[in-house]
Amino acid sequence: MSDTFFTEPPDWKWLIIFYFFVGGIAGGSLFLASILQLFGRPSDRPVIRLAFKVALVGAIISGILLTVDLGKPLRFFHMLIESETGRPTLKLWSPMSVGAWGLLFFSLFAFLGWLGARHEEGKLKWSPAALFTRGPLAAVNAVLGGIMGFFLAGYTGVLLSVTNRPIWADSNWLGALFLFSSASTAAAFLILLITRRGVTASASLEWLSRVDKSALILELLTLIVFLVSLGAVARVFIGWWGLVLVLGVLIAGILAPLAIGAGKVARVTDRLGTMAMLVLFGGFMLRVVVILASEQIHVASDQVMRS
Amino acid sequence: MAEAMGFYTDTTVCIGCKACEVACKSWNQLPAREGGQPELSGMSYDNTVRLSGTTWRHVKFIEQFDAPYDGRWLMMSDVCKHCVQAACLEVCPTGAIIRTEFDSVVIQSDVCNGCRACIGACPFGVIDINPVSATAQKCTLCYDRLGVGLEPACSKACPTDSIQFGPISELRTRAETRVGQLQAAGEKRAYLYGADPDGALGGLNSFYLLVDEPEVYGLPRDPKLPSRNVAKSSLFSGLGAALMGIVGLVSLRKRRMDERSESDEGSRPTTTPPA
C-alpha cells in the first residue's frame, strides 16, 4: 500500500475545483492571446482582445474563489507578505506560495493586455493604454503574460503533486495533464464565445479549433501516462470515480469532441460549439475526479487496524 | 538552539486510559465535539477515532479480533511527530508554521490563514482545522509549558510512562535499552519507529516503540517530504508548456500554408488551354 494512504484530505472541494477550472481557462486564454499577439496577424485582433478579457475576468474570479476558500479570508495577504515583518514571503519549493505570486503577476499581465484591448476598441481613451495594443511593450507583455499563462495552467497540478495525498502525490504528471486540459478548455471557451457572439474571425476560429484538437490529443496521451504512473494506486478508480473518469472525461470530454471536430471545421460553427461545450464539460469533470477521488480517502489505519 | 526535546512512546505499556487525551484537551483548552454531547464511534471502544483540530492527542485502539475471545488489542498514543524535516513546515505558504528552539514544530494560529496545504502534506495525517479558530492546529509539544520548565501535559499525566518526555538523545538511549529488554524477554518484534536520525524525515522528535508493522498502527512505512515531487512535476509541466507553444506556432504556420495554397489555386487560370 502506498504511504499516501496514511494521510488526511485537506478538504479542498468545490471552490478549489472551480478555481482549477476557471484558472485553467484564464491561463490558457492568456497564452493563446500571447501567441496570436506575437505571431498572428491583424485579422486575429478580435480574438486577442477577447482572450485578454477572458484572462482578466478569470484571474479576478480565481482570486475571489481562493480567498473565500481560506479559513481566514481576511488573512489572504499572508500568502504574499510576512505578517510580522511586512516583508514579501516566497517559498520556491512550495507551489502554493509560488502560485500566489504567479496569480498576482498573471493578473497584472492580463490587466495590461485588457487595457490595450479596451483602447483598441475605443472604449478607453487613456492614451498610454495604446502601448499594450501593439509595439514593443505589448510584445513584452505578451511574452511575460504567455509564460504566466502557462504557469497558471499547470501549477495547480504541481500543487496537488507536492502533497502526500493518494493519487495526487503518486504521480508527477498532474501538472502536464492540467496544462493540456487548460489549453483545450481555454480554446473551447474562446470558440464558444466567438460562435455565440458572432465575432467575425473565421481564420482565428480555425486556428483555435486546430489547437484545441491537438491539446485534446496531448491531454488524452497524458491522461493514459498519468493513470499508468499511478501503478497500484489506480485501483482507486475501480468504481464510481472510474466511471466518471471514463464517461465524463475520456468519452464526453476528449473522444467525442475529437470525433465531432474531425470534419471541415471552418464551415460548421454549430458543430464547433457542441465540441467546445463537451471539452469544457470534460475539463471540469477531470478536475472533479482528480480532486474528489483523493478527497474521499481518509487515513487508512481504520481499515488496516480492523483487518 | 536548546537541546532537541520530544516524546518517546512505548506502546507496549499503554493501557488506553486516555489520560493523555484529557490532559491535552484540558491544558490547551480545546473545545469538546458536538457541544460536549457523548458521541460513540459505533465501531470501536475508541470514541475519539482520530486526531483533529480539537484533539491533538489520540490513543489509538487497534482491535484485531478474528473471533470472540481470540484476538489482540494494541494501543498507541498518537500525536504530531515533530519531524526533523517537517512536511507541513515545508509547504506552508504563510510562514505560520515554525520550528522552535526545542526543535518542535508549531503552528502560529494568528498567522495561519487556513489554506490547508499542511493538512495534505503531513505524511501522518496529524493536522486538521480547528472549527473555532478556522486555522490549522496540532500538538505544540506544550510550547508554553516548555518555556517555563514544565513537561508537556500528556506525558505528565501518563500513568504508565508510556509517553516519556525529554531530550531526544536521552530518549533514544532509553528506548534502545527497552527494545533490548523486550527482545531478551522473547518479544522479538519490538523495534523503534522514527528514532533513527538518518532515517525517514531526518528522524521524528516523537518516536515509538512498536511490536508490529507500522501500517498496523496506521503509520506509513516510509514517510516522505512532499517536495520530492517538485522538480519532476515542474519539469513535466514545463515540457508540456513548450510542447503546447510549439503546437500553437505549428498551427499558425499550417494556417498560413493552407491560405497560401488556397490563394494559389484561386489565382490559377480556370480556362482550358487551347489544344
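Me: How many of the six residues of β1(B) are buried?
Reply: Heads up: this is a predicted model, where local features need pLDDT of at least 70 and side-chain atom pairs count only at pLDDT 80 or more, while totals for chains, interfaces and linings use all residues. A residue is buried if 20 or more other C-beta atoms lie within 10 Å of its own, exposed if 12 or fewer, and partly exposed in between, with C-beta atoms placed from the backbone. β1(B) is largely enclosed by the rest of the structure, because its count of buried residues is six of the six.

Me: In what order do the four strands of the open sheet in chain B run?
Reply: On names, residues are numbered from 1 along each chain as its sequence is written, and chains are lettered from A and ligands numbered from 1 in the order in which they are written. Strands (E, at least two residues) and helices (H or I, at least four) are DSSP runs numbered from the N terminus, and two strands pair if DSSP finds at least two bridges between them. The pairing here is mixed, and the order in chain B is β8-β1-β10-β9.

Me: Which strands of chain B stand at the edges?
Reply: An edge strand here has a single partner, so one of its sides is left without a neighbour in the sheet. That describes β8(B) and β9(B).

Me: What is the average twist from one strand to the next?
Reply: Angles run from 0 to 180 degrees between N-to-C directions, using axes fitted to C-alpha atoms (for helices, over the stretch in contact). From strand to strand the twist averages 25°.

Me: What angle does helix α6 of chain B make with β8(B)?
Reply: Contact means that the C-beta atoms of two residues, placed from the backbone, lie within 7 Å. Helix α6 (residues 168-184) packs on the sheet and touches β1, β8, β9 and β10 of chain B. Its direction and that of β8(B) make an angle of about 135°.

Me: Do β1(B) and β8(B) pair in the parallel or the antiparallel sense?
Reply: G6(B) stands opposite G166(B), and F7(B) stands opposite F165(B). β1 (residues 5-10) and β8 of chain B are joined over five bridges, and the sense is antiparallel.

Me: What is the bridge partner of T9(B) in β10(B)?
Reply: β1(B) and β10(B) pair in the parallel sense over four bridges. Across in β10(B), the partner of T9(B) is Y208(B).

Me: Which residues of β1(B) point the other way from M5(B), F7(B) and T9(B)?
Reply: In a regular strand the side chains alternate between the two faces of the sheet. Opposite to M5(B), F7(B) and T9(B) point three residues, buried like them: G6(B), Y8(B) and D10(B).

Me: What is the phi of L201(B)?
Reply: Most residues other than glycine have a negative phi. L201(B) lies in the loop between β9 (191-193) and β10 (206-210) of chain B, and it counts as buried because it has 20 C-beta neighbours inside 10 Å. Although L201(B) is not a glycine, its phi is positive, at about 55°.

Me: Is R145(B) buried or partly exposed?
Reply: R145(B) lies in helix α4 (residues 143-147) of chain B. Not counting residues up to four places away in sequence, it touches L150(B), E151(B), P152(B) and A153(B). It has 17 C-beta neighbours inside 10 Å, so R145(B) counts as partly exposed.

Me: Over to chain A: how many helices are there?
Reply: The C-alpha trace spans about 70 × 60 × 25 Å along its principal axes, and 56% of the 307 residues count as buried. Chain A has zero strands, and its number of helices is nine.

Me: Where is the kink in helix α7 of chain A centred?
Reply: The bend at a residue is the angle between axes fitted to the seven residues ending there and the seven starting there. Buried residues of α7(A) include L245(A) and P257(A). The kink in α7 (residues 240-260) is about 40° and is centred on I251(A).

Me: Which helix gives the most to the side of chain A that touches chain B?
Reply: The contact takes 60 residues from chain A and 55 residues from chain B. Among the helices of chain A supplying at least two residues each are α1 (14-39), α3 (95-120) and α6 (202-230). With eight residues, the one giving the most is α6(A).
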